[in-house]
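The following exercises concern one protein chain and are each followed by a worked solution. Please work through them with the model at hand.

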Amino acid sequence: MMRRRGWRAPGSGRLVQLAPAAWLALFFLVPFVLTLRISLSAPATAQPPYRPVIDWSEGLSGVLAAVRELEAGNYLTLLEDPLYASALFTSLGYAAAATALLLLAGYPVALALARQPAGRREALLLLVMLPFWTSFLIRVYAWIGILKPEGLLNAALQGLGLADAPLQIMNTGWAVMIGLVYSYLPFMVLPLYATLSKLDASLLEAAQDLGATPLRAFWSVTLPLSAPGVAAGALLCFIPMMGEFVIPDLLGGSDTLMIGRTLWSEFFSNRDWPLASAIAVALLVILLAPIIVWRRLEERVEGRS
């Protein structure tokens, strides 16, 4: 006997709901708990370089003994040492400024893509995603060849007579900003395009019929309706840029102190895993704030609609 069309196994709906939860628990919650536990430990000259290590052979008593040895001194160090606060605020400044520049550069690109004929959009989207076909590290190294004193940019400026001497861009904050904006531009354009391509064109026509200029129609109709794409693109760029390590290390030089480089130094140079884990946990807690704000805004928008 053939099964009826639309039949599904009992409990399959709950299985589909549990799959994302299991994925998050395995790849987010478990690593976070391990990192949190290391952050509450003390550094040690051993392998791994921290203590306490739970002795599972002693059962529950061994676990309780390890828990009693946990300490929060690493978090106090983050609050007392100005080095970590400086690295955090520097990262916040770079990430916020780069996100603003990405929005200014990415919004017109996404809007232009959304207003292209359907047959041309695929080719233009391919051009936006083309940088992903090359290694991220190789692309950052390419900017070294462009920005260094004897690089392509200075050669072009001097050849055009726009500069008498090579400009010192490498190992400065400007080089870091250029690297961040270039590397994360697709992450801003794609969410914006996904939102703008779904907008109803008749709304703009109605606004113009009511006497609105194209600029007024943009501010009153297009921009408010694209707010979810703006928020998604801003989060997709801001969060990874906060912990960025490769770009400030290669383009910013030793004077560019960002939280990602500080985290790397504590892990691999100082081998202070507990302090590095405390930095990672604190960074995660800080980055949860914009995500919570975004979710609240989404809930308000859904409630109004």
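Helices (H or I, at least four residues) and strands (E, at least two) are DSSP runs, numbered from the N terminus. This is a predicted model, in which local features need pLDDT of at least 70, side-chain atom pairs count only at pLDDT 80 or more, and totals for chains, interfaces and linings use all residues. Residues are numbered from 1 along each chain as its sequence is written, and side-chain values use heavy atoms, with hydrogens and water left out.

**Exercise 1.** State how many helices and strands the protein chain has.

*Solution.* The protein chain has 14 helices and two strands.

**Exercise 2.** Describe how α6 and α8 pack.

*Solution.* Step 1: helix α6 covers residues 136-147 and helix α8 residues 173-196; their axes (lines fitted to C-alpha atoms over the stretch in contact, with angles from 0 to 180 degrees between N-to-C directions) are 11 Å apart at an angle of about 140°.
Step 2: angles under 35 degrees count as roughly parallel, over 145 as roughly antiparallel, 65 to 115 as roughly perpendicular and the rest as oblique; α6 and α8 are therefore oblique to each other.
Step 3: contact means heavy atoms within 4.5 Å. On that basis F136, R139, V140, W143 and L147 in α6 meet A175, I178, Y182 and S183 in α8.

**Exercise 3.** Is T195 buried or exposed?

*Solution.* Step 1: T195 lies in helix α8.
Step 2: buried means under 20% relative accessible area, exposed over 50%, and partly exposed in between (1.4 Å probe, protein chains only). T195 has 18% relative accessibility and therefore counts as buried.
Step 3: leaving aside neighbours within four places in sequence, T195 is in contact with L225, S226, P228 and G229.
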